[in-house]
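Subject: A structure for you to explore

Hello! Here is the structure I promised to hand over, with my notes on what I found in it. Please open it beside this email and follow along.

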Amino acid sequence: MNINILAGGPLERLPSFDKYKSEEDLWIGVDKGVFTLLSQNIQPYRAFGDFDSVTEEEWALIEENVKSIHRFQPEKDETDMEHALNWALSENPRKIRLFGATGGRMDHFFANVQLLIKPLNNNDEIPVEIIDIQNKIFMTKPGTYSIQTDSDYQYISFIPISGEVDGLTLRGFKYPLTDCHIPISSTLCISNELVDDSGTFSYKQGILMVIRSNDL
């Protein structure tokens, strides 16, 4: 199964959910995202949050329609999204997608991006990605990866998250690289593109953030 987690980010940043609806997908709501799921006729499997961003009427609807609700105090050590992600990782799904995690407050956005490192630190093999109307973001550890052309996300950027990324090689890209050292301050690998139906990227050291994006 896949687990899709919808947080309470701005509605205008959400992609269409049509291609993420299947019998293999479980939907989890986080805070205001629970109400958004109900508004789109998607049944949340679980709900997480302190729910300080919903109205009394919205909360009443959530209580009425969601069987499993994990409600926390606003004063806590983990964000609502982290609580939801921890639960999702414990279920050992095929993939985890985070929606409603961009836009709005920058501290929440950077915290959500940082959460993508969690499965790498835990040596989990579960891919976790952030998806919005314009971007798809995920993290990788050293290795070799295949990447496919996607008309929804034309541009591909590689950003070092650890102190450095060593030995980066890009094949099948407009701007190829061979065994390149990328320091954390470098913008060398921004806005690349595939020239074939697929390509590969590989590297030997570090944590790499991959951002697939498009112009609106």
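A definition to begin with: two strands pair if DSSP finds at least two bridges between them. Helices (H or I, at least four residues) and strands (E, at least two) are themselves DSSP runs, numbered from the N terminus.

Next, where the values come from. This is a predicted model, in which local features need pLDDT of at least 70 and side-chain atom pairs count only at pLDDT 80 or more, while totals for chains, interfaces and linings use all residues. Residues are numbered from 1 along each chain as its sequence is written, and side-chain values use heavy atoms, with hydrogens and water left out.

**The sheet**

Nine strands form an open sheet with mixed pairing, in the order β4-β3-β2-β1-β5-β6-β7-β13-β9. At its edges are β4 (69-71) and β9 (155-160), each of which pairs on one side only. From one strand to the next, the twist averages 20°; angles run from 0 to 180 degrees between N-to-C directions, and axes are lines fitted to C-alpha atoms, for helices over the stretch in contact.

β9 and β13 pair in the antiparallel sense over six bridges, with Ile 156 opposite Arg 212 in β13. β7 and β13 also run antiparallel, joined by six bridges, and here Ile 137 stands opposite Ile 211 in β13. For a parallel example, look at β2 and β3, which pair over three bridges; Ile 28 is opposite Arg 46 in β3.

In a regular strand the side chains alternate between the two faces of the sheet. How many residues of β13 are buried? Six of its six residues are, where buried means under 20% relative accessible area, exposed over 50% and partly exposed in between (1.4 Å probe, protein chains only). Leu 208, Val 210 and Arg 212 are buried on one side, and Met 209, Ile 211 and Ser 213 on the other.

Tyr 155 lies in strand β9. Along the chain, Tyr 155 and Arg 212 are 57 residues apart, yet their C-alpha atoms are separated by 5.5 Å. Not counting residues up to four places away in sequence, Tyr 155 touches several residues, including Ser 191, Glu 193, Ile 211 and Arg 212; contact means heavy atoms within 4.5 Å.

**The helices**

α1 (residues 32-39) has Gly 33, Val 34, Thr 36, Leu 37 and Leu 38 buried. Their cover includes β1 (2-6), β2 (25-30), β3 (46-49) and α2 (56-65). After α1 comes Asn 41, with a positive phi near 60°.

Two packed helices are described by the angle between their axes and the distance between the axes. For α1 and α2, the angle is about 70° and the axes are 10 Å apart. They are therefore roughly perpendicular to each other (angles of 65 to 115 degrees count as such, under 35 as roughly parallel, over 145 as roughly antiparallel and the rest as oblique). Lys 32, Val 34, Phe 35 and Leu 38 of α1 make the contact with Glu 58, Leu 61, Ile 62 and Asn 65 of α2.

α3 is largely enclosed by the rest of the structure, because nine of its 11 residues are buried. Among them are Asp 80, His 83, Leu 85 and Trp 87. Just after α3, Asn 92 has a positive phi of about 55°.

**The cores**

A nonpolar core is a set of buried Ala, Val, Leu, Ile, Met, Phe, Trp, Tyr and Cys residues joined through side-chain atoms within 4.5 Å. The largest one has 28 residues, of which Ile 5, Ile 96, Leu 98 and Met 139 touch the most other members. α3 gives the largest share, six residues. A second, separate core of 17 residues includes Ile 147, Leu 170, Cys 180 and Cys 189.

Beyond its neighbours within four places in sequence, Ile 96 is in contact with residues including Ile 3, Ile 5, Leu 85 and Val 128.

**One last residue**

Thr 102 sits in the loop between β5 and α4. Thr 102 counts as buried because its relative accessibility is 7%. Its side chain makes a polar contact with the side chain of Asp 132 (2.8 Å). A polar contact is a pair of N or O atoms within 3.5 Å; within protein, one must be able to donate a hydrogen and the other to accept it, and residues adjacent in sequence count only if both atoms are side-chain atoms.

Enjoy exploring!
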